[in-house]
Amino acid sequence: MDCRVLSVQSHVVRGYVGNKSASFPLQVLGFEVDTINSVQFSNHTGYEHWKGQVLTADELQVLYEGIKLNNVNQYDYVLTGYTRDDSFLDMVVDIVQELKRANPNLVYVCDPVLGDNGAMYVPENLLPIYRDKVVPAADIITPNQFEAELLTGRNMSSEKDAVEVMNLLHSMGPDTVVITSSELPSPLGDQYLVALGSQKRVTADGTMVTQQIRMDIPRVDAVFVGTGDLFAAMLLAWTHLHPNDLKMACEKTVSVIYHVIKRTITYAKEVAGPNRRPSPAQLELRMVQSKADIEDPAIVLNALVL
């Protein structure tokens with residue numbers, strides 16, 4: 001059976017962000033991907049110039065209506081990322097809930113994009129919608145530390161705090177929580193950032209078990225755009241392929257990101273020339289060139305089971 005994903009994310013003409021970052025890797029791994037473009041921009045907004053259009057909640061509904069009228073609204077997964085508009089976000093949740101009524105096994109993977117490093121970069125009125133509507137509808141969420149703290153109202157300064165925050169997020173709805181990056185101290189030193197994951201599942205005999213992991217990931221001195229979107233897409237893929245093994249799913253996900261970033265930074269430095277900072281265009285993810293790594297990533301970073 002085909003595994004079909006509905007991905008509602010940004011689209012850019014040039015480069016890799018949102019749907020452009022998620023579709024190719026998912027397709028390479030055998031998923032059918034139906035995309036709704038929440039925006040259509042010339043390029044991501046980290047460039048000096050960008051132009052484009054934004055899809056409204058009404059336009060989103062019209063597109064979904066068309067899919068529904070043809071009775072092709074059967075999905076195994078829904079994937080969503082960055083949204084700026086409250087009515088659009090509300091409409092996404094309505095669609096997810098309708099799709100879940102049609103297929104109770106549907107898995108909703110949500111990257112609750114709110115901000116980073118202590119600052120929100122979406123309007124503040126989105127926080128209560130994420131907290132009260134989106135996260136409860138989600139099955140897998142991929143917040144960063146700041147987003148996890150906002151959603152739970154708790155600060156994280158130790159691994160113990162992080163586990164508490166992940167358990168709180170579980171209690172809001174999702175069975176799988178991955179905190180994609182945090183400033184928690186790494187035993188490997190300050191050149192590493194810490195990612196954490198937690199998965200609750202029911203075993204064959206009906207007992208609830210939780211697997212919790214941490215990963216220490218080397219920092220890279222460059223700004224990449226689209227890596228969060230790639231992370232959520234790859235977590236969708238690898239949790240599908242390793243449904244009861246969060247450790248393996250996270251190792252493969254993070255390893256894909258590592259290979260793509262490594263290839264990108266090598267290329268960007270080469271084209272920028274010695275002692276010059278690469279431009280946003282030169283730092284676009286080397287996605288197509290990483291096809292083999294996406295399909296079968298060599299595991300370069302191991303997860304530790306807590």
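## A Pair of Strands

Threonine 176 has glutamine 199, in strand E10, as its bridge partner. Strand E9 (residues 176–182) and strand E10 (residues 192–202) run antiparallel and are joined by five bridges. Strands (E, at least two residues) and helices (H or I, at least four residues) are DSSP runs, numbered from the N terminus. Two strands pair if DSSP finds at least two bridges between them.

This is a predicted model, in which local features need pLDDT of at least 70, side-chain atom pairs count only at pLDDT 80 or more, and totals for chains, interfaces and linings use all residues. Residues are numbered from 1 along each chain as its sequence is written, and side-chain values use heavy atoms, with hydrogens and water left out.

## The Sheet

Ten strands form an open sheet with mixed pairing, in the order E3-E2-E1-E4-E5-E8-E9-E10-E11-E12. Its edge strands, E3 (52–54) and E12 (304–305), each pair on one side only.

Helix H1 (residues 19–28) packs on this sheet and touches strands E1 (4–12), E2 (32–41) and E4 (77–80); contact means heavy atoms within 4.5 Å. The direction of H1 makes about 145° with that of E1. Axes are lines fitted to C-alpha atoms, for helices over the stretch in contact, and angles run from 0 to 180 degrees between N-to-C directions.

## Two Asparagines with Positive Phi

Most residues other than glycine have a negative phi. Asparagine 71, however, has a phi near 55°, and asparagine 117 has one near 50°. Asparagine 71 is found in the loop between helix H2 (57–69) and E4, whereas asparagine 117 lies in the loop between strands E6 (115–116) and E7 (119–120).

Asparagine 71 counts as exposed at 52% relative accessibility, and asparagine 117 is exposed at 69%. Exposed means over 50% relative accessible area, buried under 20% and partly exposed in between (1.4 Å probe, protein chains only).
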